[in-house]
Every structure is written in structure tokens, then in C-alpha cells.
Amino acid sequence: MDRKDNQSPQGETARILVEFLEVAITSIVFLKGIYPPGAFERRKYMNLVVHSARHPELRDYIHSAVSGLHPFIQKGLVERVAVIFFNSDSIPVERFMFKLTVNQSYGSRVEEADLEFSLRSFFIKLPFSESLTRVLPQDCRWEITAYFRSLPQASTSKDAELWIPTDTQQWQQPPLITPIKSMSSEPLSVQLYLEHPGLSEPKA
């Protein structure tokens with residue numbers, strides 16, 4: 001209780017959002033089927049059955065990446081968090097994009113139950129989005145990428161040292177966007193959508 005009582009509304013919102021993103025990203029990786037089902041186990045989260053990573057390296061990668069975003073989400077510096085799937089030539093073939101907005105001027109107490117009630121709808125919607133996704137090629141890989149509105153200098157923030165600029169290839173044409181789910185509340189807005197290469201995108 002003390003942890004919550006001592007946190008700012010933005011800090012509490014960021015804590016809830018980081019927990020949500022960790023479970024949501026794991027759910028997306030499970031949905032895409034790039035690991036055997038045995039790499040996951042069923043858990044309860046927000047009174048829903050979700051999948052949690054059993055493999056230590058997979059679990060630690062998702063946890064450390066998302067946890068490292070906490071201070072930046074709290075300050076409103078993170079614009080989007082993406083789960084990107086690549087083909088064997090390291091060209092993106094599909095992106096699950098979370099667009100985030102944490103209200104920096106919100107000064108009231110965060111109602112955790114209300115916020116979680118809004119976020120749990122993403123886990124209800126996500127399995128139905130599988131028909132919107134594409135079959136991944138053999139030898140694909142994936143990564144978590146964060147898009148920052150602005151990034152603190154590494155010399156002034158130890159947290160910034162955890163993140164390095166990416167050399168991920170970008171599509172030359174605007175992507176095809178398919179909305180999956182969105183929610184908007186006073187302290188937090190989240191949108192989840194799919195991005196695919198445009199029809200005129202050069203093929204690898």
C-alpha cells in the first residue's frame with residue numbers, strides 16, 4: 001500500500017501500464033506461434049486467463065525491456081511500443097503497435113480497478129485479431145522497440161543507457177494500419193493496431 005500511496009498519479013499509471021504491456025507482449029508472442037506452446041503457461045491476470053512465458057530467457061527479455069520503460073512512460077516520453085516481426089532478411093513483416101499517452105497534468109488519485117477494467121478489454125479482443133495477422137515466414141525473429149518523443153541523455157540518466165538507437169529497416173511507403181483496440185481514460189490512453197507493408201512496398 002505504501003508504494004501506491006507514495007506514488008504520483010503518473011507513477012501509478014506507469015506501473016499499471018508496464019504490467020499490462022508485459023502481459024500483452026507475451027500474449028502477442030504466444031498468438032503468433034513462433035515458440036512451442038510448452039514455452040508458455042496459463043496464468044490469471046485481471047481476472048482473465050492469459051499466457052505467461054515459462055522460458056527464463058524469453059520471460060527476462062520481455063520483463064527487462066518493458067520494466068526499463070517505466071521512468072520514461074511516467075514522464076510521458078514514450079510515444080509507442082512495438083512488437084516487430086522480421087523475415088530472414090531482417091525486414092519487418094508485421095508490427096503490433098501500442099500508442100501510449102499518459103496525462104502529465106492529471107493530479108487526482110488513480111483508480112486502479114477502473115484502469116485495469118479498461119485495459120482488460122485488450123486481452124479479450126487480442127485473440128480475435130489473429131485473423132487480421134499474417135503468417136510469419138520461416139526463420140523469422142522479433143524484437144521490442146520503443147519510440148520516444150524525446151530521450152534523456154545517457155550521461156544524465158542511467159535508465160537511458162539501457163536503450164540504444166535501432167538500425168531496424170523501415171518501410172519506404174506508409175504502412176497499412178488495422179485498428180485492434182483502443183481505450184481512453186483521464187490518466188491514460190492506449191491504442192493497439194497492426195501495421196503491415198503497403199501494397200506498393202518493394203518486396204525483399
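**Close-up views of a predicted model**

**Figure 1. Helices α2 and α3 meet through side chains from both elements.** In this predicted model, Val18, Leu21, Glu22, Ile25 and Thr26 of α2 are in contact with Ile62, His63, Val66 and Ser67 of α3. By class, the residues of this contact are 5 nonpolar, 3 polar and 1 charged. Two packed helices are described by the angle between their axes and the distance between the axes. For α2 and α3 (residues 56-67), the angle is about 145° and the axes are 9 Å apart. The crossing of α2 past α3 is right-handed.

**Figure 2. Helix α2 also packs against helix α5.** The axes of α2 (residues 9-32) and α5 (residues 112-125) cross at roughly 20° and come within 11 Å. Because angles under 35 degrees count as roughly parallel, α2 is roughly parallel to α5. On the α2 side, the contact is made by Glu12, Thr13, Arg15, Ile16, Phe20, Val23, Ala24 and Ser27. On the α5 side, Glu112, Leu115, Glu116, Leu119, Phe122 and Phe123 take part. The contact of α2 with α5 has 8 nonpolar, 4 charged and 2 polar residues. Here too, α2 passes its partner α5 in a right-handed crossing.

**Figure 3. The largest nonpolar core has 53 residues.** In soluble globular proteins, nonpolar side chains tend to be buried together. Phe20, Ile73, Phe96, Phe98 and Val190 have the most contacts inside the largest core of this model. Helix α2 gives the largest share of this core, 12 residues.

**Figure 4. Glu195 is a buried residue of strand β7.** Strand β7 covers residues 188-196 and contains Glu195. The relative accessible area of Glu195 is 5%, and a residue under 20% counts as buried. Apart from neighbours within four places in sequence, Glu195 is in contact with Glu94, Arg95 and Met97, and also with Trp171, Pro175, Leu176 and Ile177.

**Figure 5. Ser8 and Arg109 are 101 residues apart along the chain.** The C-alpha atoms of Ser8 and Arg109 are separated by 8.2 Å. Ser8 lies in the loop between α1 (2-5) and α2. With a relative accessibility of 30%, Ser8 counts as partly exposed.

**Figure 6. Met46 and Ser90 are loop residues.** Most residues other than glycine have a negative phi. Phi of Met46 is positive, near 55°, and phi of Ser90 is also positive, near 65°. Met46 is found in the loop between β1 (40-45) and β2 (48-53). Ser90 is placed in the loop between β3 (78-86) and β4 (92-102). Met46 is buried, at 12% relative accessibility, whereas Ser90 is partly exposed, at 27%.

**Figure 7. The protein chain has 5 helices and 7 strands.** From the N terminus on, the order of elements is α-α-β-β-α-α-β-β-α-β-β-β. The chain has 204 residues, of which 47% count as buried. Among contacts with a separation of 6 or more, 73% are between residues 24 or more positions apart.

Methods
Residues numbered from 1 in each chain as written. Predicted model: local features only at pLDDT ≥ 70, side-chain atom pairs only at ≥ 80, totals over all residues. Heavy atoms only, no water. Axes fitted to C-alpha atoms, helices over the stretch in contact; angles between N-to-C directions. Helix = DSSP H or I, 4+ residues; strand = E, 2+ residues; numbered from the N terminus. Parallel < 35°, antiparallel > 145°, perpendicular 65-115°, else oblique. Left-handed = near helix turned anticlockwise from the far one by under 90°. Contact = heavy atoms within 4.5 Å. Nonpolar A, V, L, I, M, F, W, Y, C, P; charged D, E, K, R; others polar. Core = buried A, V, L, I, M, F, W, Y, C linked by side-chain atoms within 4.5 Å. Buried < 20%, exposed > 50% of the residue type's maximum accessible area, 1.4 Å probe, protein only.
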